[in-house]
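Subject: Two-chain model, handover and notes

Hello,

I am passing on the structure below, and after it you will find my notes on what was found in it. Please read them with the structure open beside you.

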Amino acid sequence: MSLLQRERDVIVNNEYVDKFDFEEIESFIKNAPKELFISHHFKKRDRLLVQPRGGFPTYKKMFALYEEFMKADIDVLPLTVDSNTRLNDYAMSKKMLALSEENEMDMLNGYPLVTHGYRTTRKMITHFNKPVSLRHGTPDARLLVETALGSGIFEIEGGPITYMLPYSKNFPLDKAFLYWKYVDKVCAKYSQLNEPINRESFGPLTATLVPPCVVIVIQIVEMLLSLEEGVKSFSVSFSQNGSMMQDIVTSNVIKKLSRFYADKLGYSDTVINLVYHQWMGAFPRNKELSDSLINTNTVIAAMVRADKIIIKTRDEAFGIPTMQCNAQSVANTKYTLRTLKGLPVVHDEEEEANLEAEVISIMDAVLSDHADTLWRKVFNSIRSGIIDVPFSPHIINKNEVITIRDDNGNIRIIDKGKLPISDKCFAYEKSKVNLPPTQTEVINKIIHDIGAML
Amino acid sequence: MKVVTGVVGNDIHVVANRLIDISLQARGCEVFNLGVNTSLEEFIDAVVETDADILLISSLNGEAEGWCRDLQFLRAEYQLRDVVFVIGGNLAVGEAKDSDIVPKYKSYGFDLVFHQVDLNTGLDALEQYMKDRS
């Protein structure tokens with residue numbers, strides 16, 4: 001028995017889950033309808049796929065949510081997992097699920113997938129026969145992903161950096177890399193049976209003034225970490241920056257360079273997709289204004305030629321949206337996309353050349369680290385600040401990079417910390433910004449820039 | 001001036017913490033930032049270890065209430081009378097009046113309490129306090 005299989009046996013042998021039948025799961029995936037695989041839909045490239053977020057504790061309410069989404073002609077169903085499951089606290093999920101079922105009240109902020117199990121969940125997924133995307137935030141997602149794949153969920157979001165630096169203070173990063181290696185290995189194994197399992201990275205990160213060069217580098221390294229385990233379909237992603245031009249430039253550069261590095265490292269048979277997240281920062285408390293922001297975002301997603309858009313709702317400022325509100329947001333987005341025709345193709349050569357040079361400088365530094373494996377190179381790069389995510393709560397993150405918006409809403413680097421970008425690129429960034437005279441005013445401007453959409 | 005700062009309790013509000021860090025550095029302080037999710041004991045350890053002049057705790061949405069009551073005892077135990085203890089942020093769950101909040105936190109052992117005060121206004125007041133004291 002292989003080492004991986006032995007580890008899998010240990011992982012699924014858990015007091016909170018029913019016995020796993022790996023043979024049965026393999027045969028299910030082998031014979032599963034193509035419709036369930038988002039990679040199959042991506043290959044057609046005939047439209048921008050629309051996906052909301054959403055998860056309720058009970059099977060009954062989750063089923064009802066999917067029914068609402070289906071009425072809105074949804075492309076990709078979400079399955080958002082509750083926070084106890086994300087932290088591997090299955091005992092608490094089980095208790096809260098029981099309370100939710102008894103009292104008709106939601107005691108969990110998502111669907112406890114491990115607690116429901118793959119046999120139950122699969123009934124729902126195959127009933128609707130739409131691709132489902134797993135949304136979580138779990139550092140150790142091994143059991144969760146085994147359960148998801150057995151259920152017919154063939155898109156797995158997350159990664160060792162993007163699910164760690166924005167969400168955790170001190171979960172060990174080296175462990176996260178190894179846990180996600182497991183996830184990628186299992187996804188790769190099942191990818192050989194039917195259409196490939198799609199892996200997606202989480203580009204928004206802290207959604208707080210993260211410069212595009214840092215986003216793109218992290219997207220590329222998480223992609224390479226998955227590809228080296230055999231993943232064949234991967235989605236890179238980013239969220240609205242605050243300037244349409246910067247979104248377009250980011251899109252053009254991330255598409256070009258993710259393909260470049262995949263080919264360079266010998267993974268030219270991989271399909272790479274682009275996912276665009278609607279604004280991930282703070283939303284206005286006025287619901288009509290939120291609708292307007294969401295609509296603007298949909299236009300930008302079309303402009304950047306994304307393959308999938310992940311949408312928000314008008315209830316964003318208030319908490320988890322009702323299923324009707326969530327489905328309405330899907331319908332609105334689909335309407336905007338249906339009526340939006342004849343989009344121009346836009347380029348900004350100077351901006352793209354600058355961003356490309358920044359990404360390549362950082363990638364050169366990461367890849368030339370002395371460590372023997374890619375994950376160790378990336379680990380060392382994060383520790384030394386070569387990769388530095390503004391506003392990350394994690395102790396390993398350097399937190400030296402400072403950014404601010406220019407007059408056109410573009411995020412610019414004013415303190416590069418240890419980012420190995422060239423003097424020329426750094427001078428270009430700084431030349432775009434009119435910094436206020438005192439440090440106090442600079443900080444007030446940063447506060448203002450974080451809440452750009454309020 | 002050495003300042004130890006961080007967010008107390010099970011609180012991951014990192015944005016303000018980072019802005020406090022940058023602002024203190026801009027005012028010439030040497031900053032030891034413990035980040036989010038920090039316990040009171042960790043703060044005291046850091047104050048002793050760095051021989052800090054100021055401990056600046058921040059908090060949002062009332063987390064501090066349950067975490068800071070023991071400050072006065074720790075302050076006596078470690079003989080930290082000369083260290084200035086400051087807390088700022090949103091110090092109550094729900095709405096609360098300054099006239100209730102400030103005396104309460106002073107009784108816990110803080111020298112300066114800023115409830116829903118703008119960041120730079122608070123830091124100006126802290127600077128003035130340090131000047132008056134010396």
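I begin with chain B, where the axes of helix H1 (residues 14–26) of chain B and helix H6 (residues 119–133) of chain B come within 11 Å and cross at roughly 45°; axes here are lines fitted to C-alpha atoms, for helices over the stretch in contact, and angles run from 0 to 180 degrees between N-to-C directions. Helices (H or I, at least four residues) and strands (E, at least two) are DSSP runs, numbered from the N terminus.

The model is a predicted one, in which local features need pLDDT of at least 70 and side-chain atom pairs count only at pLDDT 80 or more, while totals for chains, interfaces and linings use all residues. Residues are numbered from 1 along each chain as its sequence is written, and chains are lettered from A and ligands numbered from 1 in the order in which they are written.

To return to the helix pair, H1(B) passes H6(B) in a right-handed crossing (a crossing is left-handed if the near helix is turned anticlockwise from the far one by less than a right angle, and right-handed if clockwise). On the H1(B) side Leu19(B), Ile20(B) and Ser23(B) meet Leu119(B), Asn120(B) and Leu123(B) of H6(B), where two residues are in contact if their C-beta atoms, placed from the backbone, lie within 7 Å. The residues of this contact divide into 4 nonpolar, 2 polar and no charged, with Ala, Val, Leu, Ile, Met, Phe, Trp, Tyr, Cys and Pro counted as nonpolar, Asp, Glu, Lys and Arg as charged, and the others, Gly among them, as polar.

The sheet of chain B is open and is formed by 5 strands in the order S2-S1-S3-S4-S5, with parallel pairing; two strands pair if DSSP finds at least two bridges between them. Strand S2 (30–33) and strand S5 (112–115) of chain B stand at the edges with a single partner strand each, so one side of each is left without a neighbour in the sheet. From one strand to the next the twist averages 15°. Strand S1 (residues 2–7) of chain B runs parallel to S2(B) and is joined to it by 4 bridges, and Val3(B) stands opposite Val31(B) in S2(B). H1(B) packs on this sheet, touching S1, S2, strand S3 (54–59) and strand S4 (84–89) of chain B, and its direction makes about 170° with that of S1(B). Helix H2 (residues 40–50) of chain B lies across S1, S2 and S3 of chain B and runs at about 165° to S1(B).

Between the two chains, 13 residues of chain A are in contact with 12 residues of chain B. On the side of chain A, the largest share, 6 residues, comes from helix H18 (residues 439–450) of chain A, and by class that side has 8 nonpolar, 4 polar and 1 charged residues.

Chain A is assigned domain 1 (3–336) and domain 2 (349–450), with bounds that come from an automatic or database domain assignment. The centres of the two domains, taken over C-alpha atoms, are separated by 27 Å, and 37 residues of domain 1 of chain A are in contact with 35 residues of domain 2 of chain A. The elements that give two or more residues to the domain 1 side are helix H10 (173–191), helix H11 (212–227) and helix H12 (244–264) of chain A, and the largest share, 10 residues, comes from H11(A).

H12(A) also packs with helix H15 (residues 349–367) of chain A at an angle of about 45°, with their axes 9 Å apart, and the two are therefore oblique to each other. H12(A) passes H15(A) in a right-handed crossing.

Chain A has an open sheet of 8 strands in the order S1-S8-S7-S6-S5-S4-S3-S2, with parallel pairing. Within chain A, strand S6 (residues 233–239) and strand S7 (residues 271–277) pair in the parallel sense over 7 bridges, and the bridge partner of Val236(A) in S7(A) is Leu274(A).

Best wishes

Definitions and conventions:
Angles under 35 degrees count as roughly parallel, over 145 as roughly antiparallel, 65 to 115 as roughly perpendicular and the rest as oblique.
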